[in-house]
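This briefing covers ligand surroundings, ring contacts and voids. The structure comes first, then the notes by topic.

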Amino acid sequence: MQKVGFTIKNCIVWDKVNMGIGWQYRFQHEFIIFAVKGKQRVRRVPFRNVTDIWRLPRILGNKTVHPTEKPVALMEKIILNSSEEGETVVDFFMGSGPVVEASRKLN
Ligand SMILES: C[S@@+](CC[C@H](N)C(=O)[O-])C[C@H]1O[C@@H](n2cnc3c(N)ncnc32)[C@H](O)[C@@H]1O
């Protein structure tokens, strides 16, 4: 990311509430790298009130259609925090498409 001009601002920990794969000390979190490029602009959600730990249940294995499926609510949070209505959201690794679903919902 840095090589192509992004500035890494933070690393968010997604606490998935329910345990995931693994054996001893099974994984219950994933990291979300927050990076910016270009001009800073007005954000819809005031970042001062948001911390780097996001607690939001993962989708249970027997309810997923993709092995690494992310919840739509998680994508909604990311999109709301970093874009305005009418802007373009890009997801290069679509999988089951939660970003598409969240983007459509939020315009
Ligand atoms: C970790 S999964 C993403 C899961 C997705 N976030 C979801 O919630 O369902 C990565 C996805 O990217 C796709 N993928 C990996 N490399 C790719 C590439 N070079 N071009 C296009 N798709 C790719 C994989 O097929 C897989 O569906």
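The ligand is surrounded by His66, Thr68, Glu69, Lys70, Phe92, Phe93, Met94, Gly95, Ser96 and Pro98, where a residue counts as near if one of its heavy atoms lies within 4 Å. The model is predicted: local features need pLDDT of at least 70 and side-chain atom pairs pLDDT 80 or more, while totals for chains, interfaces and linings use all residues. Residues are numbered from 1 along each chain as its sequence is written, and side-chain values use heavy atoms, with hydrogens and water left out.

**Ligand**
- By class, this shell has four nonpolar, four polar and two charged residues (Ala, Val, Leu, Ile, Met, Phe, Trp, Tyr, Cys and Pro count as nonpolar; Asp, Glu, Lys and Arg as charged; the others, Gly among them, as polar).
- Polar contacts here are pairs of N or O atoms within 3.5 Å.
- For lysine 70, a backbone N or O atom lies 2.7 Å from an oxygen atom of the ligand.
- On its own the ligand has 600 Å² of accessible area, of which the protein covers 50% (Shrake-Rupley method, 1.4 Å probe).

**Rings**
- Lysine 77 lies over the face of tryptophan 54, 4.6 Å from the ring centre (the rule requires NZ of Lys or CZ of Arg within 6 Å of the ring centre and within 35 degrees of the ring normal).

**Pocket and cavity**
- Both are found on a 1 Å grid over the protein atoms alone: a cavity is a set of points where a 1.4 Å probe fits but cannot get out, a pocket is an open set with protein on both sides within 12 Å along at least five of seven lines, and lining residues have an atom within 4 Å of a point.
- A volume is the space filled by probe spheres set on the points, which are joined across faces, edges and corners.
- The second largest pocket has a volume of about 310 Å³.
- Its lining has 15 residues, with Lys16, Glu30, Arg58, Pro67 and Thr68 nearest the centre.
- The structure holds one cavity of 30 Å³ or more.

Methods
A polar contact is a pair of N or O atoms within 3.5 Å; within protein, one must be able to donate a hydrogen and the other to accept it, and residues adjacent in sequence count only if both atoms are side-chain atoms.
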